[in-house]
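Please look over the following model before reading on.

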Amino acid sequence: MDCKVLIVEDEETSRVCLTDMLELENYKVYTVAGGEEAKKLVEDVSPHIVLTDLKLLDMNGIEVIRAVKDISPKTICIVITGYATIETAVEAMKAGAFSYLKKPFRREELLVTLKKAQEVLAIQEENDSLKLKLQKQREQSILGTSPQIQTVRDIIKKVADTDSTVLILGESGTGKELVAKELHRQSSRSGNPFIPINCGAIPEELLESELFGYEKGAFTGAIATKIGRFEAADKGTVFLDEIGDMSVGLQVKILRVLQEREFERIGGRKSIKVDIRIIAATNQDLERAVAEKRFREDLYYRLNVIPISLPPLRERREDIPLLATHFLETISTKKNKKVTGIDPEAMKILEEYDWPGNVREMVNLIERLVVLKENGTITVDDLPASILKKKLTTSLEPFHLPTEGVDFNTAVDDFERKLIKIALHKADGVKKKAADFLNLNRTTLIEKMKRKGLLN
Ligand SMILES: Nc1ncnc2c1ncn2[C@@H]1O[C@H](COP(=O)(O)OP(=O)(O)OP(=O)(O)O)[C@@H](O)[C@H]1O
Ligand SMILES: [Mg+2]
């Protein structure tokens, strides 16, 4: 990077001499003769360093420093003067000068001072970039390091600032609304409204007037014109949540808005044009809904321009500790509690649990744990029975009897193996403990393991 140095000096010979000296050292040099000119130049080129004489015709060097710092606080100012007194030196430093050079000075003296200034600038810059990075990280709303979540974040980054319709798919509690908000936040529409519409929660008759608004007198009770949510969202984003629950009748009406960005208020004749970005979400299998004629095919294709699939938590277990710790910290702080962490054994159980309600279930569980615990560390004893119990039963996958039948002995043997393995895992490999889990004698367990080749 070129280091830009501005020389403020009313004496021409000094100016030329300094310029030659600095250009030889590869500085990019600008010169002006007075304070007013200096201000203008600082505004235009934001120099890294300003070298100013103390005595100028239109203002003194101290005033120049104040003006420069005012416009560009990070610019480093160095004062040069032939009339050095302690007082002026102190005054210059107070005004924000970095250093002070007494005329006549040697070339080396000037260059060393400039190098020091550059070092300070470099540290400043590194500091700024770290701060920015930290701020960005803090702003990171979709947490997770699993490849699936990274992919989701990548897609969001790519499509946020386009107007393409996005369809977010995922089981309940996987973060669909979070993704919709993030798409809006990272778009140039972020200064305009984000309007969520829960298509499942509002009854059909109401939904229509909610979405499109109505004209005065459109129906009994319509005493004044009301604008709908599509109109309210102009220049912003509409989030059609639970789109799979929308009635087929309303699906037709929505289709036109998606195609034309145009609609009429109920009871109105005039077409209203809106500039909106549409994001939809559902936890339903829309393709199946289409096959079963519960969802219009044309609407499905209109919505499914950019699909984003949110994987259930049990398919990205590596995200569980990170999320759990994050929620524990934020909820504990918010609720003024001093719950400091989750111990490894309890965390292991959370990692193995299947989370049918996904991240939302986790947020709720952690809130419950924090409120009940108040302080200290969460241990296995704090976990609710539902989580502990599910752990064992769900790890034994349900057994399906294939139509072609099975060999009874092999199937039973498989099942026993699985049981033993799970018990051993739960007991961290301690056979006595595993035997206790299975209500077997230790020797019986070892005998069985021997027979099954599980002893090594
Ligand atoms: N990756 C994530 N990082 C941080 N918080 C998350 C993440 N995913 C979900 N959450 C949080 O989990 C909760 C549920 O998320 P959200 O409401 O977006 O899910 P949803 O898929 O819309 O759920 P539902 O189907 O129940 O409406 C919210 O509090 C959200 O902030
Ligand atoms: Mg939701």
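**The ligand shell and the backbone**

Around ligand 1, the shell residues comprise seven nonpolar, seven polar and three charged; Ala, Val, Leu, Ile, Met, Phe, Trp, Tyr, Cys and Pro count as nonpolar, Asp, Glu, Lys and Arg as charged, and the others, Gly among them, as polar. This is a predicted model, in which local features need pLDDT of at least 70 and side-chain atom pairs count only at pLDDT 80 or more, while totals for chains, interfaces and linings use all residues. Residues are numbered from 1 along each chain as its sequence is written, and chains are lettered from A and ligands numbered from 1 in the order in which they are written.

The chain has domain 1 (4-133), domain 2 (147-311), domain 3 (314-395) and domain 4 (408-451), with bounds from an automatic or database domain assignment. Domain 2 and domain 3 each give at least three residues to the shell around ligand 1.

Asn-358 lies in helix H15; helices are DSSP runs (H or I, at least four residues) and strands are DSSP runs (E, at least two), numbered from the N terminus. Its phi is positive, near 55 degrees. Asn-358 counts as buried because 21 other C-beta atoms lie within 10 Å (buried: 20 or more; exposed: 12 or fewer; partly exposed: in between; C-beta atoms are placed from the backbone). Asn-336, in the loop between helix H13 (319-334) and strand S15 (338-342), also has a positive phi, about 60 degrees, but is exposed, with 7 C-beta neighbours inside 10 Å.

A cis peptide bond joins Lys-103 and Pro-104.
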